[in-house]
Amino acid sequence: MAVTITVEQVREFMGPDYAEIPTSTIETYICLVNKMDACLDANYLDDTCTQTAIKLNAIGHFVALGSGRVIKSQRAPSGASRSFEYMNKVEGLKMTAQGRVLEMVDSAKCFVSLFPSGSFGVVGLGRKCKEC
């Protein structure tokens with residue numbers, strides 16, 4: 001049985017930069033990613049670590065896309081600085097760090113199976129998934 005991901009896990013995984021994402025949005029992304037469960041069970045049945053990594057990175061990819069920007073660089077020990085890259089072009093999974101990790105971890109391409117056309121658009125924010 002595929003692993004279950006919670007809103008709290010997603011919040012911890014994404015960190016404080018995405019704290020403003022509404023719970024209902026994260027729940028929608030979890031619902032969407034849960035559609036991969038049959039593929040995950042078929043390809044990674046006894047590998048909960050890989051299943052968890054795939055699901056968290058898939059959800060993280062949606063969260064990052066939904067914010068419209070990704071952190072491009074950071075600096076700290078207090079010359080604090082942060083720059084963002086705004087997403088205005090379609091690059092699929094390569095558009096986010098989570099998407100790039102997903103490409104490496106999901107050798108069975110379960111995540112890609114959610115999008116047969118190869119489109120990785122963002123789910124409508126704040127709407128509940130009908131199947132949840």
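Select Lys109 to begin: this residue is partly exposed, with a relative accessible area of 44%. Throughout, buried means under 20% relative accessible area, exposed over 50%, and partly exposed in between, with a 1.4 Å probe and protein chains only. Lys109 sits in the segment after helix 5 (97–105). Although Lys109 is not a glycine, its phi is positive, about 60°. Most residues other than glycine have a negative phi.

The model is predicted: local features need pLDDT of at least 70, side-chain atom pairs count only at pLDDT 80 or more, and totals for chains, interfaces and linings use all residues. Residues are numbered from 1 along each chain as its sequence is written, and side-chain values use heavy atoms, with hydrogens and water left out.

**The disulfide**

Next, select Cys110 together with Cys39. Their sulfur atoms are 2.1 Å apart and form a disulfide, a term that requires a pair of cysteine sulfur atoms within 2.5 Å. Cys39 belongs to helix 3 (residues 37–44) and Cys110 to the segment after helix 5, so the pair links distant parts of the chain, 71 residues apart. The link of Cys39 and Cys110 is left-handed, with -80° about the S-S bond. A search of the whole structure finds 1 disulfide. Is Cys110 buried or exposed? Cys110 counts as buried, at 0% relative accessibility. Now select Cys49, which is exposed, with a relative accessible area of 63%.

**Helix 2 and Thr6**

Colour helix 2 (residues 23–33) separately. The buried residues of helix 2 include Thr25, Ile26, Tyr29, Ile30 and Val33. From Ile30, draw a distance to Thr6: the two are 24 residues apart in sequence and 7.8 Å apart in space, C-alpha to C-alpha. Thr6 lies in the segment before helix 1 and counts as partly exposed, at 31% relative accessibility.

**The cavity**

Which residues line the largest cavity? Select Val10, Arg11, Met14, Gly15, Tyr18, Ala19, Ile26 and Val63 to show its lining. A cavity here is a set of points on a 1 Å grid over the protein atoms alone where a 1.4 Å probe fits but cannot get out, and lining residues have an atom within 4 Å of a point. The largest cavity holds about 30 Å³ of space, a volume being the space filled by probe spheres set on points joined across faces, edges and corners. Helix 1 (residues 7–14) gives the most to this lining, with 3 residues. The lining divides into 6 nonpolar, 1 polar and 1 charged; Ala, Val, Leu, Ile, Met, Phe, Trp, Tyr, Cys and Pro count as nonpolar, Asp, Glu, Lys and Arg as charged, and the others, Gly among them, as polar.

**The whole chain**

Helices (H or I, at least four residues) and strands (E, at least two) are DSSP runs, numbered from the N terminus. Buried residues make up 37% of the 132 residues in the protein chain. Among contacts with a separation of 6 or more, 64% involve residues 24 or more positions apart, a contact meaning heavy atoms within 4.5 Å.

Technical notes:
1 Å grid on protein atoms, 1.4 Å probe; cavity = no way out; pocket = protein on both sides within 12 Å on 5 of 7 lines; lining within 4 Å.
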